[in-house]
Amino acid sequence: MELTVWGIITALIVGLIVGALGRLVVPGRQNMPMWLHMLIGVGAALLGTVLARALGIATETAGVDWGELLVQVVLAAIAVALVAGVGRRRSVTYR
């Protein structure tokens with residue numbers, strides 16, 4: 001696999017889309033900035049590609065590899081849920 005400028009640009013664009021889809025999949029409100037969702041999406045896209053290829057899900061196709069995309073979106077949704085859950089503040093009320 002050759003690393004080219006177009007390959008990097010494509011990975012970033014796919015990562016942004018995966019981050020947005022991950023945000024949409026997680027129910028409820030996430031109090032996170034959009035740049036953090038995008039960063040999570042880029043990480044999930046890279047990790048999802050590696051995981052999909054290791055599991056044999058990813059194939060070399062001329063179009064969209066739906067299995068690989070599904071793995072990426074699931075990873076992004078898990079990461080968004082974890083980061084949003086960690087960032088939530090729990091308030092204690094005293095009576």
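Mentor: Helices here are DSSP runs of H or I with at least four residues, numbered from the N terminus, and in this predicted model the protein follows the pattern α-α-α when read along the sequence.

Trainee: How many helices and strands are there in the protein?

Mentor: The protein has 3 helices and 0 strands; helix α1 covers residues 5–25, helix α2 covers residues 34–55, and helix α3 covers residues 66–87.

Trainee: Why does Q72 count as buried?

Mentor: Buried means under 20% relative accessible area, and Q72 has a relative accessibility of 4%, so Q72 counts as buried. Q72 is found in helix α3, and, leaving aside neighbours within four places in sequence, Q72 is in contact with V14, V18, A44, A45, G48 and T49.

Trainee: Is T49, with a relative accessible area of 18%, buried or exposed, and what makes it so?

Mentor: The cut-off for buried is under 20%, and because T49 has a relative accessible area of 18%, T49 is buried. T49 is found in helix α2, and its contacts, apart from neighbours within four places in sequence, are with E68 and Q72.

Trainee: Why does I9 count as partly exposed?

Mentor: Partly exposed lies between the limits of under 20% for buried and over 50% for exposed, and I9 has a relative accessibility of 35%, so I9 counts as partly exposed. I9 lies in helix α1, and, together with V5, W6, I13, I17, L21 and L24, I9 makes a nonpolar surface patch of about 750 Å².

Trainee: What percentage of the residues in the protein is buried?

Mentor: Of the 95 residues in the protein, 28% are buried.

Key
Residues numbered from 1 in each chain as written. Predicted model: local features only at pLDDT ≥ 70, side-chain atom pairs only at ≥ 80, totals over all residues. Heavy atoms only, no water. Helix = DSSP H or I, 4+ residues; strand = E, 2+ residues; numbered from the N terminus. Buried < 20%, exposed > 50% of the residue type's maximum accessible area, 1.4 Å probe, protein only. Contact = heavy atoms within 4.5 Å. Patch = residues over 30% accessible without salt bridge, like charges linked within 9 Å, V, L, I, M, F, W, Y side chains within 5 Å. Areas by Shrake-Rupley, 256 points an atom, 1.4 Å probe, with all protein chains shown as cover. Salt bridge = Lys/Arg side-chain N within 4 Å of Asp/Glu carboxyl O.
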